[in-house]
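Here are my notes on the model. Please read them with the coordinates open.

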Amino acid sequence: MVPPISVPRKPLKLIDRVSAINWNRLEDEKDLEVWDRLTGNFWLPEKVPVSNDIPSWQRLSEAEHTLTMRVFTGLTLLDTIQGTVGAVSLIPDALTPHEEAVYTNIAFMESVHAKSYSSIFSTLCSTKEIDAAFSWSEENEFLQKKAQIVLDYYEGDNPYKRKVASTLLESFLFYSGFYLPMYFSAHAKLTNTADVIRLIIRDEAVHGYYIGYKYQKGLEQLTQPERDSMQDYTYDLLNELYDNEEQYTTSLYSEVGLVEDVEKFLRYNANKALMNLGYPALFPAEATDVNPAILASLSPNADENHDFFSGSGSSYVMGKAVETDDDDWDF
Amino acid sequence: MSTEANEQASSEPEYAAQTKAIGSVVYFSSVSQNTARFIANCELDKLGMNVYRLPLRRSDPAVHIHEPYVLVVPTYGGGNPKKAVPMQVKQFLNDPANRMWIRGVIASGNTNFGEAYCAAGDAISAKCHIPYLYRFELMGTPEDVQAVQRGLVKFFADLTAGKVDVPGMQEAIKANEQRALVH
């Protein structure tokens with residue numbers, strides 16, 4: 001039997017009030033807004049026809065099989081941590097009862113994410129291959145190190161550091177793994193699997209945004225020197241995790257020659273993780289020029305030119321019509 | 001509320017142009033402050049732009065603009081394009097007296113939202129018949145700030161020179177002027 005990874009903090013603090021949650025009396029409207037977004041985005045992996053990827057999977061090389069399964073077990077590990085320890089560890093620090101409720105949703109969805117990798121595995125791979133990949137994830141020192149770094153903060157006693165670690169996990173640490181299905185999808189491989197991953201990526205964006213926002217709300221209660229020290233801590237932790245991510249990326253991708261491409265994607269997402277925490281980007285544009293095919297795989301219109309400022313002359317262009325909730329418009 | 005729209009005095013800018021005004025920017029930012037940080041980093045007042053912030057709550061006084069402006073808007077909806085445009089922005093644009101002065105839109109978003117990335121800019125551009133000028137992620141990078149600073153100065157110069165046009169733009173301006181007059 002594999003023991004569960006969560007070890008409750010002592011003393012175990014589950015509730016410090018005896019009042020029922022009233023969604024009609026909000027202290028922070030962001031709680032309801034994010035709750036609505038998360039519940040509106042709810043999905044289950046069974047809805048995506050991953051079995052359509054079987055022919056595509058069979059055409060991949062053995063090296064690509066091994067890489068895919070290692071990447072997905074790595075992601076499973078992070079989702080397991082976030083679902084069972086990370087999001088749950090934020091509940092006792094919540095400022096409002098509605099914030100607690102949002103974390104329960106985040107925790108549950110992380111468990112859905114973790115399960116969706118197993119659902120992909122069971123569709124595409126043999127039990128033997130699956131077991132080998134799980135063993136690999138337990139032995140890869142860089143994967144274990146990143147898990148250990150965030151777990152230490154989750155179990156520590158600083159609510160601000162816990163939120164920083166959580167946001168960096170949601171908005172940065174997943175992306176060495178997310179790169180691969182986006183790469184395959186850009187080459188018309190495993191496209192249904194990529195659809196599952198895109199749903200996960202969409203959820204992680206809301207999680208990172210919300211936890212980062214709550215971190216910034218919390219900072220308002222600190223003194224300026226304390227805030228400065230949290231900012232230093234955040235950049236230090238990001239750098240520590242980034243160094244480890246580089247090594248993790250090399251351990252996975254050097255055989256297929258994609259290390260440099262993955263690292264651009266890492267830096268691009270590291271910048272976004274910092275922004276979710278309210279801090280300026282760290283890496284300059286020339287270090288974050290993600291392969292346009294990867295960006296297009298993530299967001300189909302992200303590579304369309306929407307910088308009419310940089311063009312010559314004055315050829316201005318319109319956006320494409322979007323169906324929005326029309327009841328709200330008067331025209 | 002729009003019945004008296006045209007008689008409403010113009011609102012006070014959050015940042016007033018420090019030199020002769022070349023144009024205006026109207027923006028919305030929620031309590032997460034991403035767009036507000038981007039706007040503050042752009043220092044558009046130093047480039048001769050009046051900058052107006054749309055109110056967060058219904059109880060806050062509505063904003064009234066009587067000069068050509070570019071709207072800067074974050075994309076809402078968490079991946080659902082139907083909910084991409086924040087309610088507060090819709091309320092502002094529902095007033096024809098405000099709508100008749102919009103000349104361009106800049107949107108922010110997150111590529112994690114796939115097809116809905118920066119969908120608020122598409123929706124507003126298509127609905128108001130105005131150019132979609134630029135988009136950026138979250139609170140923008142230093143490169144985004146520079147692009148928007150340079151771009152807005154050029155855009156307002158083009159606007160003054162009558163060089164800004166997209167299909168339906170002139171008709172939309174005239175129609176909104178008439179609506180504002182009727183009210």
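1. L54(B) touches V26(B), Y27(B), F28(B), V63(B), Q88(B), V89(B) and F92(B), leaving aside residues up to four places away in sequence. Keep in mind that this is a predicted model.

2. Where does L54(B) sit? L54(B) lies in the loop between β2 (49-53) and β3 (69-74) of chain B. Is L54(B) buried or exposed? L54(B) has 24 C-beta neighbours inside 10 Å, so it counts as buried; the cut-off is 20 or more. S10(B) is 44 residues apart from L54(B) along the chain, and their C-alpha atoms are separated by 13 Å.

3. Chain B as a whole: six helices and five strands. Read from the N terminus, the order is β-α-β-β-α-α-β-α-β-α-α. Of its 183 residues, 51% count as buried. Take the contacts in chain B with a separation of 6 or more: residues 24 or more positions apart account for 80% of them.

4. Overall dimensions of chain B. The C-alpha atoms fill a box of roughly 45 × 35 × 35 Å along the principal axes. The radius of gyration is 15 Å; this agrees with a compact globule of 183 residues, because such a globule would have a value near 16 Å.

5. Now a helix pair in chain A. Helix α8 (residues 175-186) and helix α11 (residues 259-276) of chain A pack at about 125°, their axes 9 Å apart. The angle therefore makes α8(A) oblique to α11(A). The crossing of α8(A) past α11(A) is right-handed.

6. Which residues meet there? Y175(A), S176(A) and Y179(A) come from α8(A); V262(A), F265(A), L266(A) and N269(A) come from α11(A). The contact has five nonpolar residues, two polar and no charged.

Methods: Residues numbered from 1 in each chain as written. Chains lettered and ligands numbered in written order. Predicted model: local features only at pLDDT ≥ 70, side-chain atom pairs only at ≥ 80, totals over all residues. Axes fitted to C-alpha atoms, helices over the stretch in contact; angles between N-to-C directions. Helix = DSSP H or I, 4+ residues; strand = E, 2+ residues; numbered from the N terminus. Parallel < 35°, antiparallel > 145°, perpendicular 65-115°, else oblique. Left-handed = near helix turned anticlockwise from the far one by under 90°. Contact = placed C-beta atoms within 7 Å. Nonpolar A, V, L, I, M, F, W, Y, C, P; charged D, E, K, R; others polar. Buried ≥ 20, exposed ≤ 12 C-beta atoms within 10 Å, placed from the backbone. Rg over C-alpha atoms; globule rule 2.2 N^0.38 Å.
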